[in-house]
Amino acid sequence: MLYRFDNYELDTETFELRCAGTVRHVEPLVFDLICFLSQNPGRVITRGEIVRNVWDDRIVSDATISSCIKSARRALGDSGDHQSYIRTVRGRGFHFAGEVRSIEGQVPLTPDAETPADPPPSGEGSASGSKIPVLAVLPFNNLSADVDEYFADGLTEDIITNLSRFRDLLVIARTSTFQFKDRSVNLTDIGAELNADHVIEGSVRRAAGRVRVTAQLIDAVSGVHLWADHFDRDMEDIFAVQDEVTRTIAATLGVKVQDAALQRAMKKSPAELDAYDCVLRARRYTSLLSAEMHAEARSLLETAVAQAPAYAEAHALLSNVYLAEHRFDANPRPDPIGRALAMAQKATELDPQNAYARCWLAIAHFFRHENDQFEAEAERALGLNPNDPETLADIAHYYAFMGKFERGLELNQRARTLNPLHPGWYHFAPARFHYDQRAYDEMLKDIQRVALPHFYWVHMLNAAAQGQLGSPDAEASLRRVYELKPDFSARMELTKWNAAPDDFEHLMQGLKKAGLTE
């Protein structure tokens with residue numbers, strides 16, 4: 001369904017707000033708010049009605065509602081002083097003043113000389129700019145028997161569903177993309193018609209108890225192929241195969257699209273950065289964990305939440321960066337855990353279905369030594385997006401540090417499968433598992449794979465394993481810890497990192513064998 005007022009239209013199938021055909025990026029909750037208000041023009045909408053219809057009657061603060069209203073106004077070119085569409089009725093609520101038409105099955109508006117698109121408001125991107133990427137998943141071609149048509153269609157629908165769980169991707173609904181089934185249309189034309197930045201196409205072939213699924217990601221503007229791969233599986237359980245291939249493709253495409261968006265953001269000057277650009281650039285810190293990049297990431301994310309106060313992903317990533325002040329003593333300010341918890345709570349309040357926000361709320365509880373709350377929020381995050389390798393790896397990391405090594409290894413293996421080009425820190429969970437199993441040689445191989453020579457935890461774990469093995473290199477590894485962190489205390493570090501009692505003593509034992517005297 002399309003809802004039109006003036007040059008604007010809301011598309012409830014593609015979840016897009018467009019102005020004269022140009023997509024304006026808005027957060028999911030902001031889109032839902034504009035949609036609810038525009039569906040009820042001409043009457044006063046109370047805050048209670050907004051909470052029931054936009055937040056599903058969950059408890060939210062007045063400040064959160066006001067922030068969402070502010071973002072909705074900015075998306076529509078309104079402000080608190082200039083209220084053309086969303087007008088405040090003092091003491092009662094809000095009134096949507098646009099003349100709204102609901103249209104079913106109509107062609108969207110397109111830009112032309114007579115109806116120029118307004119420039120995007122501050123912090124928002126244009127269709128060709130740095131907005132959240134829009135993906136169109138075309139129906140996968142069936143290259144085997146006609147009876148397999150359902151398998152190809154089902155695979156396509158599952159990929160759409162799984163990609164939709166990534167909160168920083170916008171995925172066009174199947175009802176739009178399936179209109180191109182069995183049609184020979186240029187991919188760049190499809191991208192233009194659907195306002196998509198990227199197009200995903202693929203094929204399915206079954207024969208002799210095996211299935212091959214191919215997929216490729218194409219830049220819809222240039223037509224350049226950004227990624228392609230194929231997946232060969234046995235057909236012992238058709239639904240298990242479909243699920244496995246879908247998860248792998250969805251996670252891989254999610255990572256690839258984010259990488260492509262980062263490359264665009266890196267070419268911009270600081271003055272050109274919007275909130276999404278800031279988040280993309282800040283994400284580089286999570287791979288490298290350097291103190292210099294931490295300072296830059298914190299500054300970028302504080303800018304992002306100021307520009308887009310309803311942007312849940314920015315709040316969640318800022319929780320991560322604030323926690324680094326406590327975890328690694330990176331550029332510390334007062335009360336890092338408190339600020340991290342507040343940012344994660346704000347992110348989940350803005351978007352309760354955001355898996356990354358739930359993940360960092362869990363980790364904030366972990367560093368408060370609130371293990372029950374950590375597990376509850378961690379499992380919620382995994383349920384919301386079981387295909388995001390970063391969420392899987394983060395939660396695996398902390399399960400391992402709290403002594404649940406097998407659970408951590410299980411989640412970590414899934415993360416590495418979904419993201420084969422993962423950053424080195426993914427290997428911490430296997431390292432912790434192997435140390436617990438007294439497989440010290442395997443643990444040393446894991447630590448080499450971490451490949452973060454400037455990070456003192458690498459050398460601390462190296463020293464513990466080498467100490468257990470009686471290696472002459474153990475003492476040198478321990479000295480390197482103190483070079484990187486002169487005020488290092490193993491007991492304080494392991495207490496800070498919420499180490500389980502048996503694990504605590506096991507690590508201390510290895511470090512003492514390496515020469516630790518505390």
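Which residues does Phe428 touch, not counting residues up to four places away in sequence? Phe428 touches His397, Ile447, Val450, Phe455, Trp457, Val458 and Leu461, where contact means heavy atoms within 4.5 Å.

## Basis of the description

This is a predicted model, in which local features need pLDDT of at least 70 and side-chain atom pairs count only at pLDDT 80 or more, whereas totals for chains, interfaces and linings use all residues. Residues are numbered from 1 along each chain as its sequence is written, and side-chain values use heavy atoms, with hydrogens and water left out.

## Overall make-up

The protein chain contains 22 helices and 14 strands, these being DSSP runs numbered from the N terminus (helices H or I, at least four residues; strands E, at least two). Of its 518 residues, 57% count as buried, that is, under 20% relative accessible area with a 1.4 Å probe and protein chains only. Among contacts in the protein chain with a separation of 6 or more, 62% are accounted for by residues 24 or more positions apart.

## Packing around helix H15

Helix H15 (residues 389-401) packs against helix H17 (residues 428-436) at an angle of about 25°, with their axes 8 Å apart; axes are lines fitted to C-alpha atoms over the stretch in contact, and angles run from 0 to 180 degrees between N-to-C directions. H15 and H17 are therefore roughly parallel to each other, a description used for angles under 35 degrees. In this pair, Ala396, His397, Ala400 and Phe401 of H15 meet Phe428, Ala429 and Arg432 of H17.

Helix H14 (residues 371-384) packs with H15 at an angle of about 155°, with their axes 10 Å apart, and the two helices are therefore roughly antiparallel to each other, the description for angles over 145 degrees. The contact involves Phe374, Glu375, Ala378, Glu379, Ala381 and Leu382 of H14, together with Thr391, Leu392, Ile395, Tyr398 and Tyr399 of H15.

## Helix H11

Helix H11 (residues 312-327) has 16 residues and reaches 22 Å from its first C-alpha to its last, close to the 22 Å expected at 1.5 Å a residue. Since 16 of the 16 residues of H11 are buried, this helix is largely enclosed by the rest of the structure. Just after H11, Asp329 takes a positive phi of about 60°.

Methods. Expected span 1.5 Å × (residues − 1). Buried < 20%, exposed > 50% of the residue type's maximum accessible area, 1.4 Å probe, protein only. Parallel < 35°, antiparallel > 145°, perpendicular 65-115°, else oblique.
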